[in-house]
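Hello,

Here is the structure I promised to pass on. Please open it first, then read my notes below.

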Amino acid sequence: MVKVLIFGTGAVGSVYGWILHNAGAEVTVVCRTNYATVKEKGLLIRSGVFGKVHYKPTTVDSVSAAKGPFDFILVCSKAFPGTSGLIREAVSADTAIVLAQNGICIEDEYAESYPGNVIISAVVYLPVTQVEPGVIEMGLLERFEVGTYPATAPAEAKAKVKLLQELWSAGGATCKVFDDVQTQRWVKLAVNAAWNPMCALTLCDDANLLRSSLEALGMVKKVMMEVGNVAKAAGYPVVTEEELDGQLSRSKERLKSGGKEPSMLTDIRNHRPIEVEAILGNTVRIAQRLRVDVPYLEILYTLAKGLDFSTVRPMEWKPLATF
C-alpha cells in the first residue's frame, strides 16, 4: 500500500488527503490548530465535485510523530522561505516530495535540502475553505497539474509522477502530467500575483473588487500581463491574452453571484502572514535579473510587504511616537 504524508492539512491538504484515501493509500495528516477536532472526528468535505464525503486519516500534531517511511509527502502548507526544513524527519531515501503550493522558484530550497529525492512540482486549482476545524467547503473547480523538478529529471522520477497521477485518477480526481510543469506555474502565478495582493490590500473578494470601479478589471489584467512579460523573458511565452481572458472569465462570471476570496485575503482576515516572497518577491527579482520593467508588480510587492509587516509585527516593528 502506498503511504502518504500530508504536511499542511488546511483546506487544500484535507481534500488531497481524501483523494488519496479514496484511491486506497494509507494517509497520515499533520495538523496544527485543527488537530484535536480532526483526531476525534476526522475530516468532512462538502464538495461541488465529490459531494459530501468524510474520512478519518491517521492524525498527528507534528512531523516527528508521523510513522514512515512515506512514498509521498504532499507539502500543502504556505510557501514560506525555510519550509523545506520542517519535513526533514519524515523524508527517507525513497520519498517523493510533492509541492502543492503557489509561487515561482519555490522548488530550489527543496532540491538543495534533498538532492537525492524526487521533487514533484504541482499547480493547484482548488477553490476550498476550511469553514470550521475539520470542515471543508469546496467549489466546482478541481485540477492538479504536475511534473518533475527539474523537467530533465531521470526516468525513475518520471515514474513517481506517473504513480501519483494514477492515484489521483483512482481517487476520482483530475491530474495532468506536464513535461515541464513550469509552463503551468507561470500561468497560475499570473493569476495569483494579481488577485491575491489586490484583494488582500482592498479587503474585497474578486467579484467585489471588479464591482468597485471601472478601472479594476483593466488593472488586474495589466498585472497579469507583467507576469507574462517576465515569463516570456524567462523562456516561457505561455501567459497569452487568450489564456488570461480564460482565467478572468471565472471571476467575471462570479459577478452574477458571489465572489471568491483569494488565500492572501483569507490570511489577512485571520491575522496570518501572507506568501509575499513566493508570489511577488521572487517574480520581481526574476524581472530585475532579466531586466524586465514591472512597475505594477513592484508597487504591489512593496505594499504587500508593508501589509505583511503590520500583520506579523516582527521585532523591527516600533510603536507610534508619543509626544
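Residues 180–307 are 73% helix and 0% strand in this predicted model. The end C-alpha atoms of that span lie 34 Å apart. UniProt, in an unreviewed entry, lists residues 180–307 as "domain: Ketopantoate reductase C-terminal".

Now the other annotated span.

Next, a sheet to look at. Four strands form it, in the order S4-S3-S10-S9. The sheet is open, and its pairing is mixed. Which strands stand at the edges? They are S4 (51–55) and S9 (128–132). Each has a single partner strand, so one side of each is left without a neighbour in the sheet. On average, neighbouring strands of this sheet are turned by 20° against each other, direction ignored.

S9 and S10 (residues 135–138) run antiparallel. How many bridges join them? Four. In this pair, Thr129 stands opposite Glu137 of S10.

Last, a helix. H1 (residues 11–22) lies across S3 (43–47), S4, S9 and S10. Those are the strands of the sheet in the order given above, S4-S3-S10-S9. H1 runs at about 80° to S4.

Best wishes

How values were computed:
Residues are numbered from 1 along each chain as its sequence is written. This is a predicted model: local features need pLDDT of at least 70, side-chain atom pairs count only at pLDDT 80 or more; totals for chains, interfaces and linings use all residues. Side-chain values use heavy atoms; hydrogens and water are left out. UniProt positions are given in the numbering used here, feature names are shortened, and annotations may be inferred rather than shown by experiment. Helices (H or I, at least four residues) and strands (E, at least two) are DSSP runs, numbered from the N terminus. Two strands pair if DSSP finds at least two bridges between them. Axes are lines fitted to C-alpha atoms, for helices over the stretch in contact, and angles run from 0 to 180 degrees between N-to-C directions. Contact means heavy atoms within 4.5 Å.
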